[in-house]
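How do helices sit against their neighbours in this fold?

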Amino acid sequence: MKIRVAYLVFLIFSATGLCFGQTTSPDRPTDNVSIPLSYGIVVDNSGSLRLRLERVIKLVGQIIAANSTGDEAFLVTFVDSNNIFVRQEMTTSQDLLKDAADNMFIEGGKTAILDALNLSHGYLQENATSGERLRRLILITDGDERSSQAKLPQLLAKLKEAKISVFVVGMSDLKVETKLIDRLAKESGGRAYFPMTTADIDAVVGTLARDMRKLN
């Protein structure tokens, strides 16, 4: 009799999705490799990254190489508000993206991080393939915002409404300003990374590739 009662309890829990040993929850993000990515790589080309440019190019190349079938991406470079460019339009071609990354160069100017993200948000909204896709922005910067016209609260509101998460890789020749980086990542549903060495960059790419596929 006790065995039958125990079996009945098990069936009830199983039917309601609450069976013992369940490891996932609808409230927790899960990896989903079946949903393709539409994302932008937004790269700071200001002077603070002059000595890191080779590492930045390597990082972008590795991010692109981690794409899965159906993923699409574009590349934006920026310095100040008047120097923000889509270097490579949205494409599924890894070769085109890598070529654009290889041709990045450093320029002087007052860094406009928020304006670059604002432009990238609009471009992603207009050019992502329709259908079920995960929308992401990868920002590579030192975090030193100096000249943007866009305001952080309004930008974050637009990103949340569009379900676009920002993943930030903090890099600099001198010091990484973490305050803006942390807030952008946390409040948009993304994550921040701070690689120091070439080995760190390799590790970040693997983690980033997995994090971007987690459902919001």
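This is a predicted model: local features need pLDDT of at least 70, side-chain atom pairs count only at pLDDT 80 or more; totals for chains, interfaces and linings use all residues.

Residues are numbered from 1 along each chain as its sequence is written, and side-chain values use heavy atoms, without hydrogens or water.

Start with helix H5, residues 152–161. Helices here are DSSP runs of H or I with at least four residues, strands are E runs of at least two, and both are numbered from the N terminus. Leu152, Leu155, Leu156 and Leu159 are the buried residues of H5 (buried means under 20% relative accessible area, with a 1.4 Å probe and protein chains only). Viewed down the axis of H5, they fall within an arc of 100 degrees, so they line one face of the helix. The arc is taken from the directions between the helix axis and the C-beta atoms. An α-helix has 3.6 residues a turn, so residues three or four places apart point the same way. Just after H5, Lys163 takes a positive phi of about 55 degrees.

Now turn to the partners. The buried residues of H5 pack against helix H4 (113–127), strand E4 (134–141), strand E5 (164–170) and helix H6 (178–188). Contact means heavy atoms within 4.5 Å. In the pair with H6, Leu152, Leu156 and Lys160 of H5 meet Leu180, Arg183, Leu184, Glu187 and Ser188.

Notes
Buried means under 20% relative accessible area, exposed over 50%, partly exposed in between (1.4 Å probe, protein chains only).
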